[in-house]
Amino acid sequence: MKRTKHIMLIAAMSAPCVFCASANADDIIKVRVSYKVVVNPVDGTRPPGVNDADIDAAVEGMNAIMETFGRGYRFVRTGALIDIGGIGGFFRPNPSYYYGNGFADTQDRANIESDAVANKSLYAWNDNAINLFVISGGGISFDIGGNEPGQALIVISSGADAKGKTAIHEIGHYMGLCHTQGCSCGSCAGGGCIIPEDDRISDTLPDLECWDQDLIATFNFGVGYSSLTPGQQTRVDNVFFNVMSYHGEDQAGDNYHTRETELQLDEWVDKASSSHAADCDGITYFVDATNNGIQTGTSELPLRTVAKGLNFANGGGNIVLVRPGNYPENLHITSPVTLRVPRTGKVTIGSHH
Ligand SMILES: [Zn+2]
């Protein structure tokens with residue numbers, strides 16, 4: 001990989017950009033995605049509408065969303081769409097057994113993962129990528145075992161949105177995120193959730209699948225959406241349009257499933273830098289001047305100084321994410337590195353203010 005001998009401070013959104021250099025491939029961490037398509041066991045054909053061009057379009061759409069997150073991560077396909085299974089593959093472990101599977105039986109969800117891991121060549125398994133399997137049908141998507149390195153897969157349907165907007169949701173699970181309505185909570189309908197559950201993320205508001213913006217506002221702030229301050233409306237919108245929500249499932253609209261909060265992104269980045277580091281070509285080290293405790297470089301145990309962040313990153317295509325604050329440090333930078341700041345807040349490095 002080509003490297004440049006200068007420092008790049010990439011500031012996202014409204015944050016100021018200091019020492020900005022022209023962007024190049026070193027500014028981002030690539031997350032490899034390997035798309036497979038399960039073919040029909042009757043005639044060996046792919047589900048309708050699944051081809052390389054539309055997977056490319058889906059990944060491009062995912063990356064447009066990733067760009068707004070400001071963390072420097074982008075998805076990159078490992079190669080062309082791979083056909084798996086074949087004519088006559090009606091029985092496990094042949095991948096075509098799962099071609100039209102609705103996965104209503106949760107045992108089938110576990111089975112496809114164990115079949116794939118036990119038969120890696122049959123499933124075109126890639127140990128250094130997120131493995132996505134496209135099957136026939138319009139409704140199913142799920143992630144399995146997102147905390148097991150190298151042993152997690154994502155199944156998505158062949159529908160128009162599924163390969164992109166659903167995939168980014170499932171990758172959210174893969175990277176440790178729960179639904180905004182709670183970790184075991186899905187739809188409100190049919191005896192589902194009627195009380196918001198904890199999603200383990202403290203900057204997302206309590207949410208339910210069946211709520212609109214007014215109901216989220218009323219539950220959390222006691223008044224309707226139009227009576228909220230702009231900051232409160234943003235917090236409602238951050239949930240309502242969240243990648244990890246169920247809002248807008250059956251509705252067109254580019255705003256649905258486009259947002260993640262800073263603390264959701266912290267969790268995502270931590271997973272991408274630890275249990276799923278094999279899928280990525282770099283990792284992120286967090287720096288926070290307020291941490292006086294143990295320092296490992298994760299979002300929860302960040303390093304205290306930028307100098308320590310640079311030392312840990314040690315070039316290597318890694319990112320040092322500096323949280324807002326003052327860092328009165330004299331830095332000597334001798335290897336290529338990317339410094340980033342979150343989307344809001346200000347970072348001052350050195351003695352000038
Ligand atoms: Zn989900």
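Q: In which loop is the place of Cys-280?
A: This is a predicted model, in which local features require a pLDDT of at least 70 and side-chain atom pairs a pLDDT of 80 or more, while totals for chains, interfaces and linings use all residues. Residues are numbered from 1 along each chain as its sequence is written. Helices (H or I, at least four residues) and strands (E, at least two) are DSSP runs numbered from the N terminus. In these terms, Cys-280 lies in the loop between helix H6 (262-272) and strand E8 (284-287).

Q: Does Cys-280 count as buried or exposed?
A: A residue is buried if 20 or more other C-beta atoms lie within 10 Å of its own, exposed if 12 or fewer, and partly exposed in between, with C-beta atoms placed from the backbone. Cys-280 has 23 C-beta neighbours inside 10 Å, and therefore it counts as buried.

Q: Which residues are in contact with Cys-280, leaving aside its neighbours within four places in sequence?
A: Two residues are in contact if their C-beta atoms, placed from the backbone, lie within 7 Å. Lys-30 is 250 residues away from Cys-280 along the chain, yet their C-alpha atoms are separated by 5.6 Å. With the sequence neighbours set aside, the contacts of Cys-280 are Ile-29, Lys-30, Val-31 and Ala-272.

Q: Why is strand E2 (residues 29-38) largely enclosed by the rest of the structure?
A: The strand has 10 residues, and the reason lies in how many of them are buried. E2 is largely enclosed because the buried residues number eight of the 10.

Q: Which residue in strand E5 is the bridge partner of Val-33?
A: Two strands pair if DSSP finds at least two bridges between them. E2 runs parallel to E5 (residues 130-135), and five bridges join them. Within E5, Val-33 has as its bridge partner Ile-130.

Q: Which residue in strand E4 stands opposite Lys-36?
A: E2 also pairs in the parallel sense with strand E3 (residues 73-77), over five bridges, and there Lys-30 stands opposite Arg-74. With E4 (residues 82-84), E2 pairs in the parallel sense over three bridges. The residue of E4 opposite Lys-36 is Ile-82.

Q: Which residues have the most contacts inside the largest nonpolar core?
A: A nonpolar core is a set of buried Ala, Val, Leu, Ile, Met, Phe, Trp, Tyr and Cys residues joined through C-beta atoms within 7 Å. The largest such core has 67 residues, and those with the most contacts inside it are Val-38, Leu-132, Val-134, Ile-154 and Val-320.

Q: Which residues of helix H7 (residues 306-313) lie on the same side of the helix?
A: H7 has buried residues at positions 306, 309, 310 and 313. They cover an arc of only 100° around the axis (the arc of the directions from the helix axis to the C-beta atoms), so they lie on the same side of H7. These buried residues pack against E8, strand E9 (319-322), strand E10 (325-327), strand E11 (337-341) and strand E12 (347-349). By name, they are Val-306, Gly-309, Leu-310 and Ala-313.

Q: Which peptide bond is cis, with omega near 0°?
A: Most residues other than glycine have a negative phi, and most peptide bonds are trans. Pro-93 is found in the loop between E4 and helix H2 (106-118). The cis bond runs from Arg-92 to Pro-93.

Q: What phi does Phe-103 have?
A: Phe-103 is placed in the loop between E4 and H2. Phe-103 has 19 C-beta neighbours inside 10 Å and so counts as partly exposed. Although Phe-103 is not a glycine, its phi is positive, at about 55°.

Q: Over which residues does pLDDT stay under 50?
A: The predictor's confidence in each residue is given by pLDDT, from 0 to 100. The protein averages a pLDDT of 86, and 87% of the residues score at least 70. Where pLDDT is low, the predicted coordinates should not be read in detail. The stretch under 50 covers residues 1-25.
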